[in-house]
Amino acid sequence: MIFLQLLWVYLKIGLFGFGGGYAMLSLIQADVVDNYKWITLQEFTDIVAISQMTPGPIGINSATYIGYTAVHNAGYSEWVSMLGSCLTTFAVCLPSFILVLVISYYYSKFKNNRYVAAAFLGLRPATVGLIAAAALLLMNSENFIDYKSFLIFGAAFILTWKFKVHPILMILLAGVAGLILYW
């Protein structure tokens with residue numbers, strides 16, 4: 001039963017997740033954490049953090065991790081949980097793949113149509129709103145932000161912006177700073 005629910009949820013997220021992975025986060029949290037309670041808010045926050053650090057789009061990475069975790073939390077073995085991660089990854093990608101195929105076929109014919117242009121203009125603010133909603137959803141009691149977090153953020157911002165430190169090195173440095181400051 002969980003596999004059908006995961007399939008439905010991630011097909012829906014893939015279909016309505018305009019604006020990419022960050023815009024999908026609020027949709028994912030609403031279904032996965034709040035509605036079905038497959039994972040806890042802390043697990044969701046951890047998955048988002050891991051998804052940001054690993055290569056690839058955050059929406060697909062989080063779908064993969066959540067599929068595994070949800071099936072594992074339901075009591076299935078690790079092998080069956082891997083099927084859950086494959087299912088959610090496939091389900092979140094399928095609607096976008098089909099939409100891109102259809103849109104690319106018709107876009108060249110209708111790109112100068114004023115209704116199509118107006119529809120794309122309307123999607124822009126909705127996308128910004130979904131990304132802002134994702135940021136606000138991650139600001140909760142599980143993610144307590146203290147002065148140490150602001151110190152790491154400030155240092156990371158200055159090092160990447162001013163001194164052009166490579167992002168991978170910055171992730172490692174932030175991890176070391178976190179170990180030092182929070183241990």
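Colleague: How do the elements of the protein chain run from the N terminus on?

Modeller: They run α-α-α-α-α-α-α-α. The protein chain has eight helices and zero strands, where helices (H or I, at least four residues) and strands (E, at least two) are DSSP runs, numbered from the N terminus. This is a predicted model, in which local features need pLDDT of at least 70 and side-chain atom pairs count only at pLDDT 80 or more, while totals for chains, interfaces and linings use all residues. Residues are numbered from 1 along each chain as its sequence is written, and side-chain values use heavy atoms, with hydrogens and water left out.

Colleague: Where is Ser-85?

Modeller: Ser-85 sits in helix 5, residues 78–110.

Colleague: Buried or exposed?

Modeller: Ser-85 is buried, at a relative accessible area of 10%. Buried means under 20% relative accessible area, exposed over 50%, and partly exposed in between (1.4 Å probe, protein chains only).

Colleague: What does Ser-85 touch?

Modeller: Beyond residues up to four places away in sequence, Ser-85 touches Thr-64, Gly-67 and Tyr-68. Contact means heavy atoms within 4.5 Å.

Colleague: What covers the buried residues of helix 5?

Modeller: The cover includes helix 1 (2–16), helix 2 (21–35) and helix 4 (58–73). Among the buried residues themselves are Gly-84, Leu-87, Ala-91 and Pro-95.

Colleague: Where is the kink in helix 5 centred?

Modeller: On Ser-104, with a kink of about 30°. The bend at a residue is the angle between axes fitted to the seven residues ending there and the seven starting there.

Colleague: Switching topic, which residues touch the most other members of the largest nonpolar core?

Modeller: Leu-6, Tyr-10, Ile-28, Val-32, Phe-44 and Ile-66, out of 24 residues. Helix 1, helix 2, helix 3 (41–53), helix 4 and helix 5 each give two or more residues to this core. A nonpolar core is a set of buried Ala, Val, Leu, Ile, Met, Phe, Trp, Tyr and Cys residues joined through side-chain atoms within 4.5 Å.

Colleague: And what is Tyr-10 in contact with?

Modeller: Leaving aside neighbours within four places in sequence, the contacts of Tyr-10 include Ile-28, Val-32, Ile-66 and Thr-88.

Colleague: Last one: how many residues make up 28% in burial terms, or rather, out of how many?

Modeller: Buried residues make up 28% of the 183 residues in the protein chain.
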